[in-house]
Amino acid sequence: MLKELAQIKLPLERRWFDEALVLSWRELRDTLRDWRITIPIVLLTLLFPVLMHITASLAVDWVQRYGGSSLISERTFPFMLMVVGFFPLSFSLVIALEAFVGEKERKSLEPLLATPLTDGQLYFAKMLASLIPPVLGSYLGITVYLTAMYFTRGWHPSLHFVILVVCLTTAKAIVMVSGAVVVSSQTTSVRAANLLASFIIIPMTLLVQVESIIMFWANYSVLWWFVLLLAAVNLLMVRMGIKLFDREELLGREVDELNPMTIWRTFKRYWSRVEPHGRNERVTVGRIYRRDIPAILRRLHLPVGLVVLCMLAIGVAGALMTRQFPLDKSTFDPMALSSESFQNLPTGFLPSFTSWILVHNMRALLGAAILAIFSFGSIAVVLLMIPMGVLGFAAAQFAIWGYNPLVFLATFILPHGIFELPAAILVTAAAVRLGATFIARQPGMTIGENWLSALADFVKLFIFVALPLLIVAAIIEANVTLPIVIWVYGS
Amino acid sequence: MIEADGLTKQFLSSAQEVGEPFTAVDNLSLSVEAGKVLALLGPNGAGKTTTVRMLSAVLAPTRGQARVAGYDIVKSASQVRRAVGVLTEAPGLYLRMRAIKYLDFFGQLYSLSADVRQARAMKWLERFGMADAANQHLSEYSKGMRQKLALIRTMMHDPAVLLLDEPTSAMDPHSAKLVRDAITELRSDKRAIILCTHNLPEAEQLADRIAIIRRGKIIAEGSTVELKARLLGTPVIEVRLATPFNGLLPDVLQQVNILDYGDTWLRYQSDDQAHDNPRLVRWLTERGAEILTLSEVPRSLEAVYLKVVESKE
């Protein structure tokens, strides 16, 4: 759609929007005619804010009666404002999930697809129609709550805070709607769409929980970062929506393919192939090392480049952070390190420190890969960037304390890092690809096939490359790195 | 108006056949001139709907090309959709809308002015006897009325090409006749029409050419007469007399290729009716026989269809 929007030329641009708005308007009217949607929206926008106002007032009065701090009300009232704004958004999912698959079920989609409307117009119109009722409901709810609070308790937030809540609410609504429209365009029944909506609800719920903590912490400026993050996710979601929007997919599939046997067979197909479009062949360890791994590395060259770039950038950023947060030399004295310093190393339930390192690294990389699936690959990179940032910070701190940072890196990191870092980079790159398959569709493959092909690559890479490297790294870290550190720095 | 060359459509793996693309339409070529109707016949799943979807630029072909109303179906998909009216298999109406508003909505999608939308909607509603129901909600419409309204939606933007999938299904005989008359009228307005149907008499009545499609391939194509001649053999003529042949029959055998006969009737095959029929009539009349009727034995399109479809099984 973005490309399409960019290509619109006068005098066509007005017509592009006019035609799309015709559809949006029809959908809106259709939604507003459905009492199953309008009645709950009205209740949530008018009654719920009043209820929240009563609840907040009762809670604050009760706390103050028993000598509680006025801080409670300062925190509760803004928090309730966010909640009041969020609740009507739940309808964005109900409406947006219906957008395509609902029409498909009612068989009214094909006449619409046969009109001159472009994919971009259809996507834009459906998004807008799904977005307007819940967002207006949210704004109305916020207004009702603020009005009630002002007239009954004389409380009103700052204009800055109101703008922040409105921006947060709008950004969340767009994320939910764009996500739901994607789900709606990729499923074959409303039931399946509702089941897949958990992919939207769970991250949003987590986000609201984090926002709640920040609200009570009253560090409101942090929430602007959330607005920024949501804006970035919106861009990704819209791109994903445009990439995945396909008239063929909408009309072609009649049955849901979330069939475990089909998924397993498809996975096995890609497992047995060197190239996704190649022939099925017998899988041997020799073949995997000779042909599969080089082919996977070729396919991963872009994500690998991205991961390395992010690591370098965060390393530099970490180093620069020492200017803002310099540590006192007394915080850590490497010269005081001795073999006693490493006597009580963690092992958890595992027999040795070596196995603990290995399990920890595997858990971290696999956990990041799982989160990557739900974040288009981004969380995997972010999680790897955190230790890299710390490393850059530590190296710069060592330099400030008067030690050679290269010696620091060569002793603390290099011995095991030479194995561990490539493993981490490769696994993270494969995880990025796993998550990015949803927004970077491959020609000649369904989304599911694309994802399972990336999963087969991930598993091969993890078992045959990363795991051996991580084992060697753990052995070196536990048995070689520590003695080197003590030898170089220790007393 | 419609020119398709080697159209092929493959779908990606389905749950049943992982990895193997399913070929819905296989190297299909056809052409329909302005003012002509092509009937696309074939069993369920033959590829008729996929063909219509490709020609209406809803689906992109895997291979091959087609031009509809002068536009390439891939490069100018939006223009193709603007020039084509598609009646889908299911009416697919928005049941919460009123008929007039529904037609107005589709008219707007084709950028028609309000006056044109109103005039065309009323013209066609009146034509199909539904003007009184213009302000009714579509949920109150009967099945046949919904189908007629879907057909009106197809014609709202006055398209140069019509792709009609089962236009008279679910209609009572009177409504079906109204629709058939409308199609005939639309053809005379120099529109190219493709008609997908299982109603063979309707196809025979409306179509200039018939294409029988099976497993995505056209396995027989031509006019009804051509197909009958090609697939059912030489036409059979039946002569009925007022009185028995008596001694004439052995001599008649010399005149024509008799297939069967009775006391007062006989059937013969003729490749050249213009020559054989007058000659036989003259011969019988000269010998005092009173001819009651002489006519070609009717051969239905159904017989052609079944022969084609079954022979390829």
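This is a predicted model: local features need pLDDT of at least 70, side-chain atom pairs count only at pLDDT 80 or more; totals for chains, interfaces and linings use all residues.
**Chain A**

Chain A has 491 residues, and 38% of them count as buried. Its secondary structure consists of 20 helices and zero strands. Along the principal axes, the C-alpha atoms of chain A fill a box of roughly 75 × 70 × 50 Å. Contacts can also be sorted by how far apart two residues stand in the sequence. Among the contacts in chain A with a separation of 6 or more, 83% are between residues 24 or more positions apart.

**The contact between the chains**

How many residues does each chain bring to the contact? Chain A supplies 29 residues and chain B supplies 27 residues. On the side of chain A that touches chain B, the elements that give two or more residues are α2, α7, α13 and α14 of chain A. The table gives their residue ranges.

| Element of chain A | Residue range |
|---|---|
| α2 | residues 12-33 |
| α7 | residues 109-113 |
| α13 | residues 247-252 |
| α14 | residues 260-271 |

Which element gives the most to this side of chain A? That element is α2(A), with six residues. Sorted by class, the side of chain A that touches chain B holds 13 charged residues, eight polar residues and eight nonpolar residues.

**Domains of chain B**

Chain B is divided into two parts: domain 1 covers residues 2-229, and domain 2 covers residues 236-296. The distance between the C-alpha centres of domain 1 of chain B and domain 2 of chain B is 46 Å.

Conventions:
Residues are numbered from 1 along each chain as its sequence is written. Chains are lettered from A and ligands numbered from 1 in the order in which they are written. Two residues are in contact if their C-beta atoms, placed from the backbone, lie within 7 Å. Helices (H or I, at least four residues) and strands (E, at least two) are DSSP runs, numbered from the N terminus. Ala, Val, Leu, Ile, Met, Phe, Trp, Tyr, Cys and Pro count as nonpolar, Asp, Glu, Lys and Arg as charged, and the others, Gly among them, as polar. Domain bounds come from an automatic or database domain assignment. A residue is buried if 20 or more other C-beta atoms lie within 10 Å of its own, exposed if 12 or fewer, and partly exposed in between; C-beta atoms are placed from the backbone.
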